[in-house]
Amino acid sequence: MAEEDTSQEKTEEPTPRKIEKSKEEGNIARSKELNTSAILLVSAICFLVFGPGIAKTMQTIMIFCFRFDARAAWDINIAGAYFEAVLFDAFLALIPTFGFLLLAAIVAPTSLGGWNFATKALMPKGSRLNPLSGIKRMFSMNSLVELAKGWGKVIVVATASIIVLMGLKDDFMSMVFQPTENAIVHALTVLAWSFLFIAASTILIALVDIPFQIYSHTKKLRMTMQEIKEEFKNTEGKPEVKAKIRQLQREMANRRMMADVPEADVIITNPTHYAVALKYEPNAMPAPLLVAKGVDEVALKIREIGQEYDVPILEIPSLARSIYHNTDIGGEIPEGLYIAVAQVLAYVYQVDMWKKGRSPEKPAKPETPIPPDLRADE
């Protein structure tokens, strides 16, 4: 493979093979801000939906833990049973929240870039331990963008927090005059809604980060024209290799074709440039089949094999050319040539009878009418 020409600009969109290879290496578009925003939002919603139930369960656990038989303090079996019951109740109360958080942690990353598991990404890379590479990454454009995003997150979240706190100022002040139990419930409700509004503000950051990550990922995968040419050569094969493969395929096809020539019923020639070998079994074939054809050297080889195996050879130039150009190897002859080929096969049969002494005179050379649309001139 030729060395990459670094003087060329990477202006071409990545090929499907380049994108697939990037996925195999674990290099796909991902947005950390989308993941963070999704988890925060799901956490806030779960806090609102399951919070009252969790609070009630925790209250029950606290009462259960502080109201126990005095024997439990001295009997390890009773204390262990208390501990198991507390853990089980807490687990049942928290499992819906944990389940939704786990779902968010899976769905959010895969929503951008899709599901991808690449073992190559787990392999250690020496470049990550290189201090020079680390310093270069610290002062790269990507680091500046991450710094800008960090400040942007601070500004957005701080602004959202100030707006929420200013809007709920009266609620906070009213708690002073409420009974303690009501004030606690009120405070938790306000806290849950505040958490939801502030978490929702991170959506703005994700909406900015997602297009940037897609653009940055695509830009990183862009290719030069030379890279595209090299990939095409490696994928499709170099022209000289493909030519060699085609040559070998032709040779193999010719060998198979020549193996069928001895089974032919007649060989029709041009006489020197073209040769076609036909086979017909009345009880097994609807029409005569072309078992071999060729020009020049291949035609000569067909005639040589035919002579070696006593296959009848007829010189009928127009019919030889017509069959050659209108019939594929292994295929039936066109319907328009049925009469001409039937005349040839009948002639071959009559000659065979004459040679065996079963016919009084040698038959005349057959007429081979060829329709104008099937004629093939030199």
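1. A residue is called exposed when its relative accessible area is over 50%, buried when that area is under 20%, and partly exposed in between. In this predicted model, Asp310 has a relative accessibility of 69%, and therefore counts as exposed. Asp310 is placed in the loop that runs between α10 and β4 (313-315), and its phi is near 60°, which is a positive value in a residue other than glycine.

2. A positive phi is also found at Asp296, where the angle is near 55° and the residue is again not a glycine. Asp296 belongs to the loop between β3 (289-295) and α10 (297-308). With a relative accessibility of 44%, Asp296 counts as partly exposed.

3. Turning to the aromatic rings, a search of the whole structure gives 3 aromatic pairs. In the pair of Trp193 and Phe197, the ring centres are 6.1 Å apart and the planes stand at 35°, so this pair is described as tilted. The reasoning rests on the cut-offs for the planes, because under 30 degrees counts as stacked, over 60 as edge-to-face, and the rest as tilted.

4. Where do Trp193 and Phe197 lie? Both belong to helix α7 (residues 180-221), and they are 4 residues apart, which is about one turn of the helix. Trp193 is partly exposed, at a relative accessible area of 40%, and Phe197, at 46% relative accessibility, counts as partly exposed as well.

5. A further contact to look at involves a lysine and a tyrosine: Lys293 lies over the face of Tyr324, at 4.8 Å from the ring centre.

Technical notes. Residues numbered from 1 in each chain as written. Predicted model: local features only at pLDDT ≥ 70, side-chain atom pairs only at ≥ 80, totals over all residues. Heavy atoms only, no water. Helix = DSSP H or I, 4+ residues; strand = E, 2+ residues; numbered from the N terminus. Buried < 20%, exposed > 50% of the residue type's maximum accessible area, 1.4 Å probe, protein only. Phe/Tyr/Trp six-rings, centres within 6.5 Å; stacked < 30°, edge-to-face > 60°. Lys NZ or Arg CZ within 6 Å of the ring centre and 35° of its normal.
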